Amino acid sequence: NYVFIGGTFSPHSALTPTTVIGTTTLTTQGNTDIFVAKYSDAGVFQWARAAGSSSSSDFFGDITVDGSNNCYIVGGYFGASMILNTVTLTNTGGMDAFLAKYSSIGNLQFATSIFTSGNSLNDDCWAIDCDASNNLYICGSFSGTMVTTGINTLTNTTPGSTTDIWVGKFNTSGAPTWVTRASGSNSETARHLTCDAIGNIY
């Protein structure tokens, strides 16, 4: 068994832009960045990875692990671009939500923005969980007029002034199976979710 953790780290100063986790030294892109790390169940450090953007702070949402010990992280970034290993994600405005997958040995498998169009305002991603069949379930909020992921388009009830909830099902390659929204007369956001053994979401 293994333990996976994730969070953020900031540089102490421009001269010391590093943080040490276990035996790995992580260097920020310039502001608050994201990290993910793996330990054995005995507390022995396995690996750590960093991701971030140079022009603004980044936001860590949640982490989950599938049956093969691949881990998935979600969060958001305000910077013009976010670098995860060899992948660069381009911001389309405000905060952009992202999903990334690391193998059991810490190799980046993919990183992708959740929404591919319409997300010129803030869209965030707070929580992720994985069911027994390795399906991923993710939730957050969005404030754009219409946001699109895959073939799914969501429309905000009051774009630009309120946020609506979104929740979706994704496969292990990061492709959406379905995405839906929930809303009221004011702003709403989803901060956590969990799923049971047969894929019901709470």
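Select strand S10 (residues 96-102) and S11, which run antiparallel and are joined by five bridges. Strands are DSSP runs (E, at least two residues), numbered from the N terminus, and two strands pair if DSSP finds at least two bridges between them. This is a predicted model, in which local features need pLDDT of at least 70 and side-chain atom pairs count only at pLDDT 80 or more, while totals for chains, interfaces and linings use all residues. Residues are numbered from 1 along each chain as its sequence is written, and side-chain values use heavy atoms, with hydrogens and water left out.

Within this pair of strands, Leu-99 has Thr-112 of S11 opposite to it. Now widen the selection to the open sheet of four strands, whose order is S6-S7-S10-S11 and whose pairing is antiparallel. Its edges are strand S6 (58-65) and strand S11 (108-113), each of which pairs on one side only. On average, neighbouring strands of this sheet are turned by 15° against each other, direction ignored; axes are lines fitted to C-alpha atoms, and angles run from 0 to 180 degrees between N-to-C directions.

**Second stop: another open sheet**

Select the strands S12, S13, S16 and S17, which form an open sheet in the order S12-S13-S16-S17 with antiparallel pairing. At the edges are strand S12 (123-130) and strand S17 (176-182), and each pairs on one side only. From one strand to the next, the twist averages 20°.

How many bridges pair strand S13 with strand S16? Strand S13 (residues 136-142) and strand S16 (residues 164-170) are paired in the antiparallel sense over seven bridges. Leu-136 can be selected together with its bridge partner in S16, Phe-170.

Move to strand S2 (residues 18-21) and strand S3 (residues 24-27), an antiparallel pair with four bridges. Ile-21 has Thr-24 in S3 as its bridge partner. Two residues lie between the strands of this hairpin, and Gly-22 takes a positive phi near 60° there.

Display the side chains of Phe, Tyr and Trp. The structure holds six aromatic pairs; rings of Phe, Tyr and Trp (its six-membered ring) pair if their centres lie within 6.5 Å, and planes under 30 degrees apart count as stacked, over 60 as edge-to-face and the rest as tilted. One of the pairs is formed by Tyr-39 and Phe-45, which are edge-to-face at 5.6 Å centre to centre, with 70° between the planes. Phe-45 is buried because its relative accessible area is 18%, where buried means under 20% relative accessible area, exposed over 50% and partly exposed in between (1.4 Å probe, protein chains only).

Phe-115 and Trp-166 form another edge-to-face pair, 5.2 Å centre to centre and with 80° between the planes. This pair links distant parts of the chain: Phe-115 is in the loop between S11 and S12, Trp-166 is in strand S16, and the two are 51 residues apart. Both Phe-115 and Trp-166 are buried. Ring pairs also link Phe-4, Trp-47 and Tyr-102 into a cluster.

Next, select Arg-191, whose charged end sits over the ring of Trp-126 at 3.9 Å from its centre. A charge sits over a ring if NZ of Lys or CZ of Arg is within 6 Å of the ring centre and within 35 degrees of the ring normal. Lys-38 lies over the face of Tyr-2, also 3.9 Å from the ring centre.

Asn-31 is in the loop between S3 and strand S4 (33-40). Its contacts (heavy atoms within 4.5 Å), leaving aside neighbours within four places in sequence, include Phe-9, Pro-11 and Ser-53. The side chains of Asn-31 and Ser-57 are joined by a polar contact of 3.1 Å, a pair of N or O atoms within 3.5 Å; within protein, one must be able to donate a hydrogen and the other to accept it, and residues adjacent in sequence count only if both atoms are side-chain atoms.

Is Thr-162 buried or exposed? Thr-162, in the loop between strand S15 (152-155) and S16, counts as buried because its relative accessibility is 10%. Finally, select Ala-132 in the loop between S12 and S13. Ala-132 counts as exposed because its relative accessibility is 63%.
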